[in-house]
Amino acid sequence: VREVIQYLAPKDGIILDATLGGGGHSEAILSVLENGFLVGIDLDPAAISYSQSRLVGYKNFRLFNCNFMEMDKVLEKVLILPECQNLRLMGVLFDLGVSLYQIRTPERGFSYQLNGPLDMSFNPFSQIKAIDVLRRSSLPKLEEILREFGEERYYRRIAKAIWLKRQRLSNTKELVNLIESCLLAKPRFIKQKAVQRTFQALRIATNNELDNLFKGLLTALELLSLGGRIVVLAYHSLEDRIVKNTFRLFARQGKLEILTKKPLRPTEKERHKNPYATSARLRAAIKIG
Ligand SMILES: C[S@@+](CC[C@H](N)C(=O)[O-])C[C@H]1O[C@@H](n2cnc3c(N)ncnc32)[C@H](O)[C@@H]1O
C-alpha cells in the first residue's frame with residue numbers, strides 16, 4: 001500500500017480505483033486526498049457493499065459496480081456531480097486479480113484449497129462460469145487456454161483429461177484431483193504448480209481478463225489528465241507483459257513518462273507479512289502528452 005500511495009501521489013482531482021476489492025487501497029487514498037474525489041469500480045457487488053461500509057467515514061467518494069473497461073461512462077457520470085465540476089482525472093490504480101475475500105469464499109470457486117463450485121467469475125451474476133468454459137470448449141481450445149493463460153508445461157495431458165471428464169466435473173476438488181491424477185509419477189511441487197496454473201488459466205478465460213486489462217489500460221491512459229498518474233499491480237507475467245508493452249507504446253508516442261524502469265517487487269519482509277503479495281509487480285507512469 002505504501003508504494004502504491006507513493007507512486008500514485010494522490011493530492012487533488014479525481015482518483016479512480018479500478019479494482020476496489022476490500023477497499024484497502026481506496027481507504028489509504030482517501031486518507032491522504034486533500035481536495036479530491038475517489039471513484040471505486042468493481043465487478044463484484046460484494047466488494048461494493050463491503051467497501052461502502054468501510055469508507056463510511058468519508059463523503060468524497062462514489063462506488064460503481066461495473067467492469068473497469070467502462071470507466072469512461074463512469075467518469076462522465078462523476079463529472080456532472082456538483083462536487084466534481086472542476087476536477088480532472090489525476091490518478092488511476094489497477095490492483096489486478098482476485099481479492100482476499102473472493103479467494104477465501106469457497107462458493108466463489110477461486111480456491112484450489114477450498115472445495116466449491118467451478119464458478120471463478122468476478123461477478124457472481126455473470127452468465128459465464130468456469131464450468132461453462134470447461135464444458136463448451138473443444139479439446140484444442142482447452143489446450144490453448146492452459147498453454148496461453150497458464151503457461152502450463154503439461155497442458156496437453158491435463159486438457160485431454162478435463163475434456164474427457166468435462167460433463168462430470170462440477171467442483172474445484174474434483175478438478176484438483178483430476179489434474180493431480182494426470183501427473184501421478186511427478187513430484188509433489190510439479191503437481192501443485194500444475195494445479196495453480198490450471199486454475200489461473202481457467203480464471204483468466206472465464207473473466208476474459210487479459211482483453212479487459214488491455215482495453216482498461218488504453219481507456220485509463222486516454223482519460224488521464226496531463227500530470228495524472230497510473231499505477232498497476234500485476235500478479236503474473238502475462239498481466240505484467242501487457243502493462244509493460246502498453247506503457248512503452250504510450251511512452252514511444254511521447255504521451256507517458258515511465259517511473260519504474262523495472263517493476264517493483266515486494267521486499268522479503270512484505271512477502272513474509274502477506275504471502276499473497278509474493279508475486280506482485282508494480283509499474284507506474286505519468287501522463288505527459
Ligand atoms: C486484488 S483485488 C483488489 C484489492 C483492493 N486493492 C484492496 O485494497 O482491497 C482485485 C479486484 O478487482 C476486481 N476486478 C477484476 N477484474 C475487474 C474488471 N475487469 N472490472 C472491475 N473489477 C474487476 C475483482 O472483483 C477484485 O475484487
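Which residue has its charged end over the ring of Tyr155? Select Arg147 together with Tyr155: the charged end of Arg147 sits over that ring, 5.5 Å from the ring centre. Keep in mind on this tour that the model is predicted.

Next, the aromatic pairs, which number 3. Select Phe110 and Phe122, a stacked pair with ring centres 5.8 Å apart and 25° between the planes. Phe110 and Phe122 both lie in the loop between α5 (100-104) and α6 (130-136), 12 residues apart. Colour by accessibility here: Phe110 is buried, at 5% relative accessible area, and Phe122 also counts as buried, at 11%.

Tyr112 is partly exposed, with 32% relative accessible area, whereas Phe199 is buried at 3%.

Stay on helix α10 and show residues 188-207. This helix gives the most to the lining of the second largest pocket, contributing 3 residues. The pocket holds about 190 Å³ of space. To centre the view, select Ser126, Ile128, Thr206, Asn207 and Asn208, the closest to the pocket centre among the 13 lining residues. Colouring the lining by class gives 5 nonpolar and 8 polar residues, with no charged ones.

Finally, colour by domain. Domain 1 (2-100 + 209-287) and domain 2 (112-207) each supply at least three residues to the lining of this second largest pocket.

Definitions and conventions: Residues are numbered from 1 along each chain as its sequence is written. This is a predicted model: local features need pLDDT of at least 70, side-chain atom pairs count only at pLDDT 80 or more; totals for chains, interfaces and linings use all residues. Side-chain values use heavy atoms; hydrogens and water are left out. On a 1 Å grid over the protein atoms alone, a cavity is a set of points where a 1.4 Å probe fits but cannot get out, and a pocket is an open set with protein on both sides within 12 Å along at least five of seven lines; lining residues have an atom within 4 Å of a point. Grid points are joined across faces, edges and corners, and a volume is the space filled by probe spheres set on the points. Helices (H or I, at least four residues) and strands (E, at least two) are DSSP runs, numbered from the N terminus. Ala, Val, Leu, Ile, Met, Phe, Trp, Tyr, Cys and Pro count as nonpolar, Asp, Glu, Lys and Arg as charged, and the others, Gly among them, as polar. Domain bounds come from an automatic or database domain assignment. Rings of Phe, Tyr and Trp (its six-membered ring) pair if their centres lie within 6.5 Å; planes under 30 degrees apart count as stacked, over 60 as edge-to-face and the rest as tilted. Buried means under 20% relative accessible area, exposed over 50%, partly exposed in between (1.4 Å probe, protein chains only). A charge sits over a ring if NZ of Lys or CZ of Arg is within 6 Å of the ring centre and within 35 degrees of the ring normal.
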